[in-house]
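Subject: Structure for you to look at

Hello,

Here is the structure I promised to pass on. Please open it alongside this email, and read my notes below as you go.

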Amino acid sequence: MYATLLTNLENGILTITINRPDKLNALNKQVFDDIDTAMSEVYHNDDIKSAIITGAGSKAFVAGADIAEFASFSKKEAVALSKRGQDVFFKIENSPKPVIAAVNGFALGGGCELAMACHFRICSENAKFGQPEVNLGLIPGYGGTQRLTQLVGKGKSMELQMTAQIIDANEALRVNLVNHITTSEELLKKTMEILQTIQTKAPFAISKIIDCINTAVVSDSAYTNGKSGYEKEADAFGDCFNTTDMKEGTTAFLEKRKANFSGK
Ligand code: COA
């Protein structure tokens, strides 16, 4: 179905696997087009409740943007490439349904940026993270200067991006780049377990959590519609009161039973 992705829908979870293992799943134009289309499916297919992004093979999540593809670009082409990458990653970040990165090896350059565009990250013990673009005379171009700073803080982000240091899974956990570390064998299982827990909650409320938290860290007014995170939160809190799921959740609590959400 996709030239560069494998997809599998199970228990409402769409697993999207970047499938160029011979190139360590490097992101070329086709991968961006395919992720864009797959994310449209996540947004619009009611059978999909959440998604996982991972990489094929045991060595790499994604080893970066495809260096061979952009090496001879002009400035104009490079700006367009950066904007395209940013847009596709915004689409992941702003997905109304949860998207978790299951990082199974190298997540370098655009690979680290892809993982950071997901709502949060789980990684295997052999995962390695970094923004090594300065080694190529470059900087990150798919949101990495912004999202790494949001996740690990300014000083650590500066150091990692200036030195091109590659960090291991334990260090990634210590600096809050990932939420959990598992064995390679357990990675998808653990990620699915977390998504299955999330899928028992009210989907509208989950989508509003994503939107409000994104507003806390994304300063771009085109995204926030000029509203502060607090204004968005109050609106979203109010919107929840118009849902059947909110009535069900509060009634179930008062009746001392488990809520059964319908997604309405
Ligand atoms: N773009 C294009 N091709 C890439 C790539 C990238 N970002 N990363 C890896 N590949 C390709 C290699 O060219 C090689 O292809 P080949 O077999 O046709 O020569 C293949 O993937 C395997 O990579 P290789 O370098 O041989 O594996 P390794 O185990 O020796 O090293 C890495 C692994 C991740 C350390 C190394 O591939 C690397 O440094 N990649 C680039 C990382 C980077 O700078 N990313 C930021 C890009 S902006």
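**Salt bridges**

D36 and K91 form a salt bridge, with their closest N and O atoms 2.5 Å apart. This pair ties together distant parts of the chain. D36 sits in helix α1 (residues 29-44), while K91 sits in helix α3 (residues 75-93). The two are 55 residues apart. Please keep in mind that this is a predicted model.

K29, D33, D36, R84 and K91 are linked in a network of salt bridges. The structure as a whole holds 16 salt bridges.

Next, look at E171. K156 forms a salt bridge with E171, and the closest N and O atoms there are 3.5 Å apart. Again the pair links distant parts of the chain. K156 is in helix α6 (residues 154-163) and E171 is in helix α7 (residues 169-174), 15 residues apart.

E171 and R174 are three residues apart in helix α7, so about one helical turn separates them. How do the two compare in exposure, buried or exposed? E171 has a relative accessible area of 19%, under the 20% cut-off, so E171 counts as buried. R174 has a relative accessible area of 58%, over the 50% cut-off, so R174 counts as exposed.

**Two domains**

What holds for the contact between them? Eight residues of domain 1 are in contact with seven residues of domain 2. The size of an interface is often given as the accessible area lost when the parts come together. Here domain 1 and domain 2 bury about 610 Å² between them. Of that area, 61% is on carbon and sulfur atoms. On the side of domain 1 that touches domain 2, the residues divide into two nonpolar, four polar and two charged.

How many salt bridges cross the interface of domain 1 and domain 2? The rule finds zero. Polar contacts are another matter: three residue pairs are in polar contact between domain 1 and domain 2, both residues at pLDDT 80 or more.

Two loop residues deserve a look at the backbone.

N11 has a phi near 50 degrees, a positive value in a residue other than glycine. N11 lies in the loop between β1 (5-10) and β2 (13-18). Its relative accessible area is 53%, so N11 counts as exposed.

N25 also has a positive phi, near 60 degrees, and is likewise a residue other than glycine. N25 lies in the loop between β2 and α1. Is N25 buried or exposed? At 0% relative accessibility, N25 counts as buried.

**Where to start**

For a quick tour, begin with D36 and K91, at 2.5 Å between their closest N and O atoms. Finish at the interface of domain 1 and domain 2, with its three residue pairs in polar contact and zero salt bridges.

Best wishes

Notes
Residues numbered from 1 in each chain as written. Predicted model: local features only at pLDDT ≥ 70, side-chain atom pairs only at ≥ 80, totals over all residues. Heavy atoms only, no water. Contact = heavy atoms within 4.5 Å. Buried area = accessible area lost by both parts, 1.4 Å probe. Salt bridge = Lys/Arg side-chain N within 4 Å of Asp/Glu carboxyl O. Polar contact = N/O pair within 3.5 Å; in protein donor to acceptor, adjacent residues only side chain to side chain. Nonpolar A, V, L, I, M, F, W, Y, C, P; charged D, E, K, R; others polar. Helix = DSSP H or I, 4+ residues; strand = E, 2+ residues; numbered from the N terminus. Buried < 20%, exposed > 50% of the residue type's maximum accessible area, 1.4 Å probe, protein only.
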